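Take a walk through the model below. We begin with a pocket, then turn to a metal site, aromatic rings and a few backbone details.

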Amino acid sequence: MKLDSKAMRHLTAEDWRVLTAPNPPTQVEIGSKNHEIVPTPLIESISKLRGGAGRVRHAISALAKVGLIARMKEARYDGYRLTYGGLDYLALHTYASQKAVYSVGNQIGVGKESDILVVADEAGTQHILKIHRLGRISFRTVKANRDYLRRRQGGSWMYLSRLAAEREYAFMRALKEEGFLVPEPLSQSRHTILMSLIDAFPLRQIASVPDPALLYAELIALILRLAKHGLIHGDFNEFNILLKEEPIESESDLEEPKPPSKKGKEVERLSSDPPPDDAEAPPENKVKVTPVLIDFPQMVSMDHVNAEMYFDRDVACVKRFFERRFHFVSTQPGPFFRDAKKTVGRDGARRLDAAVEASGFSKKALKDLEAAIREQQEARGPEGEQDSASADEDDEDDDDDDDDSYPDSQDDGEESDRGTSYDEQAGGNRGSSR
Ligand code: ADP
Ligand code: MG
């Protein structure tokens with residue numbers, strides 16, 4: 001499933017009305033939570049198009065053809081439900097009406113759980129649109145959690161993706177307010193968030209840094225600072241830390257020019273491209289690297305029952321990466337959870353875990369989301385993203401998930417529970433959006 005903005009341009013006002021017919025109050029979207037199918041006659045009656053049922057059917061088939069809704073056949077009645085494509089459309093429409101997004105550009109990342117796109121507003125300023133796609137890999141993998149999810153609730157991945165986006169946005173806001181270096185949270189709609197673009201590369205793509213010991217200390221300090229505010233990132237790996245490079249142009253540098261560095265720029269990026277023959281002489285000025293943290297839907301409280309495991313895993317992840325990539329091993333053991341735990345709330349640090357929990361997520365919803373995220377992480381390997389990453393450090397493509405079967409597994413998995421089937425003729429989203 002990839003975002004397909006082309007289809008959107010061809011929709012007529014009537015098509016739009018039919019798409020949103022059961023909205024407001026977002027019945028198809030809430031329906032998707034309960035996995036309800038909106039019966040065709042209901043769409044007809046709510047959208048009340050001039051031209052009557054014939055015109056509605058025409059719009060329905062136009063929407064189904066571009067994959068925004070999908071036809072479902074049930075024993076009791078025929079109907080349609082929103083697809084991920086339709087949900088994408090609704091989110092983009094919201095951003096467009098807020099004048100937050102004017103154009104959609106390149107997809108810069110296909111994570112296992114999300115699509116990351118560069119978008120721009122009317123002034124041409126680029127932002128990042130993160131589209132959560134929980135369930136992309138789930139139906140092909142780990143069974144235990146999947147069964148849990150099915151037992152516990154209707155199991156709609158769209159609903160859980162929406163929760164993930166809401167939660168990620170809430171954490172991003174809280175962290176930003178507290179002065180953490182994270183992207184600027186700009187807006188949130190459905191299963192997506194809009195944030196500022198960080199002009200930086202993930203640590204994963206960095207071959208060398210000026211001072212690994214310093215960067216290591218900064219990352220450990222970041223883990224401890226989060227802990228003080230009651231939080232554990234839960235996926236603190238080299239994909240989720242972006243390294244901003246800033247030249248240091250201090251006066252002392254000017255007074256005492258250093259000999260040209262043989263390494264050239266102090267931060268070396270992994271690249272398969274050889275440097276051009278006429279490459280300029282390496283710059284002499286030093287570079288300061290600053291870590292910017294991203295990817296927050298899985299964050300957990302320091303009070304979580306498994307907090308120690310999550311905390312230790314984040315710390316171990318940094319240690320392992322620094323040893324493998326920079327051959328740096330800290331002489332200091334830890335940090336340890338029991339020590340970090342004592343610092344929670346110290347010096348008047350605001351409890352961000354409590355702040356986010358208080359922002360309206362039900363216990364059950366959080367439990368469902370946690371199970372879904374755990375499933376995604378387990379599907380990536382016993383210790384998350386970092387394992388697949390370190391298996392082949394130079395393979396920059398290993399994030400690219402061949403997700404061709406995603407909509408199929410999505411639909412098959414969900415529908416089979418309910419004894420429904422997907423109608424190929426009307427439900428045009430199979431494979432159509434790539
Ligand atoms: P996932 O949950 O799928 O891991 P992430 O939020 O970690 O998604 O984003 C995946 C990748 O997209 C990151 O590793 C990073 O390269 C890029 N990315 C995400 N957000 C931004 C941003 N605000 N600015 C620049 N790059 C970003
Ligand atoms: Mg990530």
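Helices here are DSSP runs of H or I with at least four residues, and they are numbered from the N terminus. The model is predicted. With that in hand, start at the second largest pocket. Its volume is about 490 Å³. The lining counts 22 residues, and Arg167, His304, Leu366, Lys367 and Glu370 are the closest to the centre. Two elements, strand 15 (300-301) and helix 14 (363-380), each give two or more residues to this lining. Which of the elements gives the most? Helix 14 does, with eight residues. By class, the lining of the second largest pocket splits into nine nonpolar, six polar and seven charged residues.

Next, the metal. The magnesium ion (ligand 2) is coordinated by OD1 of Asn240 and OD of Asp295, at 2.1 to 2.2 Å. These two residues are 55 residues apart, so the pair links distant parts of the chain. Asparagine 240 belongs to the loop between strand 11 (231-232) and strand 12 (241-248), while aspartate 295 belongs to the loop between strand 14 (286-293) and strand 15. Are these residues buried or exposed? Asparagine 240 has a relative accessible area of 3%, so it is buried. Aspartate 295 is at 15% relative accessibility and therefore also counts as buried, because the cut-off is under 20%.

Now the rings. A pair of aromatic rings is described by the distance of the centres and the angle of the planes. The whole structure holds seven aromatic pairs. One of them joins phenylalanine 321 and phenylalanine 322, with 6.3 Å between centres and 75° between planes. That makes the pair edge-to-face, because the angle is over 60 degrees. Phenylalanine 321 is buried at a relative accessible area of 6%, and phenylalanine 322 is buried at 1%. Phenylalanine 321 also pairs edge-to-face with phenylalanine 326, at 5.9 Å centre to centre and 90° between the planes. Phenylalanine 326 is buried as well. One aromatic cluster takes in Tyr216, Phe321, Phe322, Phe326 and Phe328.

Charges meet rings too. Arginine 225 lies over the face of phenylalanine 180, 3.9 Å from the ring centre. Arginine 338 has its charged end over the ring of phenylalanine 336, at 5.1 Å from the centre.

The backbone comes next. The peptide bond from glycine 334 to proline 335 is cis, with omega near 5°. Proline 335 lies in the loop between helix 11 (307-326) and helix 12 (337-342). Lysine 99 is in the loop between helix 6 (84-97) and strand 4 (103-110). Its relative accessible area is 56%, so lysine 99 is exposed. Arginine 190 is in the loop between strand 7 (185-189) and strand 8 (192-196). At a relative accessible area of 15%, arginine 190 is buried.

Last, a contact across the sequence. Valine 209 and valine 287 are 78 residues apart in sequence, with 9.0 Å between their C-alpha atoms. Valine 209 lies in the loop between strand 10 (206-208) and helix 9 (212-228). Valine 209 is buried, with a relative accessible area of 4%.

Terms used: Residues numbered from 1 in each chain as written. Chains lettered and ligands numbered in written order. Predicted model: local features only at pLDDT ≥ 70, side-chain atom pairs only at ≥ 80, totals over all residues. Heavy atoms only, no water. Phe/Tyr/Trp six-rings, centres within 6.5 Å; stacked < 30°, edge-to-face > 60°. Buried < 20%, exposed > 50% of the residue type's maximum accessible area, 1.4 Å probe, protein only. Lys NZ or Arg CZ within 6 Å of the ring centre and 35° of its normal. 1 Å grid on protein atoms, 1.4 Å probe; cavity = no way out; pocket = protein on both sides within 12 Å on 5 of 7 lines; lining within 4 Å. Points joined across faces, edges and corners; volume = space filled by probe spheres on them. Nonpolar A, V, L, I, M, F, W, Y, C, P; charged D, E, K, R; others polar. Donors = N, O, S within 2.8 Å, 3.2 Å for Na, K, Ca; no water.
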